[in-house]
Amino acid sequence: MAADPFSPVQIGPITIKNRFIRSGANETKNKNMNPTKALLEFHRAYAENEVALTTLAYIAVSKDGRTLPGQGTLSDESVPHYRAITDAIHAAGGKASAQITHGGSFCQIKDLSTSRCMSSSGGIDKMGVMMGRPFQRAMTRADMDMVRDEFATAALRAEQAGFDAVELHMGHGYLLNQYISPLSNFRRDEYGGSAENRVRFPAEVLAAVKAAVGGRLAVLAKINLVDGVPKGATIQDTIVTAKALEAAGADMLVLSAGRNIESTWKMFGSPLPYDEMAGMQKSLLAKLQFAILKRSTPKMPPFHENYLMEDALTLKAALGPDRKVKLSYLGGVQSLTSARAALDEGFDAVAVARALIHDPTLVAQWKAGTRDKSGCTACNRCVAVMYGPSGTYCPETGNAIDAALNQIYAGEETRHAA
């Protein structure tokens with residue numbers, strides 16, 4: 001029997017009030033590695049409008065784990081600012097998830113503690129070339145132990161900050177995905193080669209996080225169903241990945257697809273606005289990068305809802321009817337009709353990003369029965385404006401949060417003139 005979209009669901013030790021999750025999508029509402037009041041207001045709006053679990057993306061587990069210089073990072077300094085956000089979410093009736101990550105070689109920062117970014121394997125650093133850092137280094141066992149412990153420590157800090165869940169980002173080409181994907185992993189030890197070996201380190205990380213907070217926080221993992229390009233991870237690889245993460249203790253898997261460099265189109269189900277993104281860049285090298293990415297995007301059919309459903313169903317069937325891990329469908333949910341279709345197929349929840357960026361009140365409208373389909377056109381211009389002064393918003397509706405709030409730490413006292 002299909003789940004009612006507005007019925008509660010248990011995820012590990014927590015229960016959320018309905019089946020709607022605001023999926024992680026980088027907000028860039030941070031200052032000096034701390035979250036801002038803009039991020040607080042951004043997520044408060046979701047909680048006030050019936051989103052059961054809202055995901056703060058995308059939070060680094062360490063300074064070296066950042067992709068962007070000012071990216072939010074779980075640290076002793078940032079904990080009270082994240083606590084201000086989770087307090088606001090809880091007061092509005094929602095729950096909060098911290099998407100924790102390490103960028104590995106997908107890194108645009110200059111203040112690394114080492115001369116080369118870490119990754120599963122050495123070789124050319126595709127992102128580092130733009131930074132004058134053309135090579136990356138393969139992680140040693142000591143590096144792996146350090147990063148595993150950084151994830152566990154970050155999860156403990158997330159608990160101190162009042163989060164109800166942590167989501168380990170294992171997709172889209174970030175460090176843990178650099179192990180899982182054969183596009184990045186060329187190791188010849190027990191962490192490379194077969195799909196079973198490639199997921200070994202990410203599973204170790206998840207197990208460490210589960211041991212640290214699993215009795216109190218839900219532990220989720222965001223994974224790729226497929227990479228979407230030749231020689232990338234296939235759905236058969238992902239079946240192996242999912243089973244390993246289930247065995248390691250994952251409470252829920254959030255099912256995405258695609259890689260930031262090789263196949264963003266697979267991630268979004270529609271092309272990115274590369275011309276607009278190139279026009280916002282100052283350096284010729286950055287402009288060239290977007291031109292190359294545009295040329296590498298294949299001709300695509302028109303965007304359609306639930307565009308990842310076929311692969312998601314293949315994975316769900318392979319895990320079987322007795323699976324312990326919950327599954328959240330992600331990929332083109334833009335109407336209550338498409339959300340119901342995913343739940344009718346047996347998924348436990350649906351994750352939504354762009355439709356909620358377009359209109360944060362969407363789930364409340366679905367519950368009230370006043371609307372079915374979002375006005376989001378999947379133009380992906382929200383990605384293009386992500387790095388502006390306001391952070392992520394929908395340019396089609398112009399619903400940007402005041403840029404001034406993006407310069408004030410979330411927990412900072414603000415004083416107004418009498």
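Which strand gives the most to the lining of the second largest cavity? It is β6 (residues 53-60), with 4 residues. Strands (E, at least two residues) and helices (H or I, at least four) are DSSP runs, numbered from the N terminus.

The model is predicted, so local features need pLDDT of at least 70 and side-chain atom pairs count only at pLDDT 80 or more, while totals for chains, interfaces and linings use all residues. Residues are numbered from 1 along each chain as its sequence is written, and side-chain values use heavy atoms, with hydrogens and water left out.

The search finds 2 of 30 Å³ or more. A cavity is a set of points, on a 1 Å grid over the protein atoms alone, where a 1.4 Å probe fits but cannot get out; lining residues have an atom within 4 Å of a point. Grid points are joined across faces, edges and corners, and a volume is the space filled by probe spheres set on the points.

The largest cavity holds about 40 Å³ of space. Its lining consists of Met170, Asn177, Ile180, Asn224, Asp227, Ala233, Thr238 and Thr241. Two or more of these residues come from each of α4 (175-180) and α7 (235-248). The lining has 3 nonpolar, 4 polar and 1 charged residues. Here Ala, Val, Leu, Ile, Met, Phe, Trp, Tyr, Cys and Pro count as nonpolar, Asp, Glu, Lys and Arg as charged, and the others, Gly among them, as polar.

For the second largest cavity, the volume is about 40 Å³. Glu27, Asn30, Leu39, Leu56, Ala57, Tyr58, Ile59 and Tyr82 form the lining. By class, 6 are nonpolar, 1 is polar and 1 is charged.

Ala57 and Tyr58 both line the second largest cavity, and the peptide bond from Ala57 to Tyr58 is cis. Omega for this bond is near -5 degrees. Tyr58 is found in strand β6.

Positive phi values were also examined. Met33 is not a glycine, yet its phi is positive, at about 70 degrees. Met33 sits in the loop between β4 (30-31) and β5 (34-35). Asn306, likewise a residue other than glycine, has a positive phi near 55 degrees. Asn306 is placed in the loop between α10 (284-296) and α11 (309-319). The relative accessible area of Asn306 is 13%. Asn306 is therefore buried (under 20% relative accessible area, with exposed over 50% and partly exposed in between; 1.4 Å probe, protein chains only).

Key
1 Å grid on protein atoms, 1.4 Å probe; cavity = no way out; pocket = protein on both sides within 12 Å on 5 of 7 lines; lining within 4 Å.
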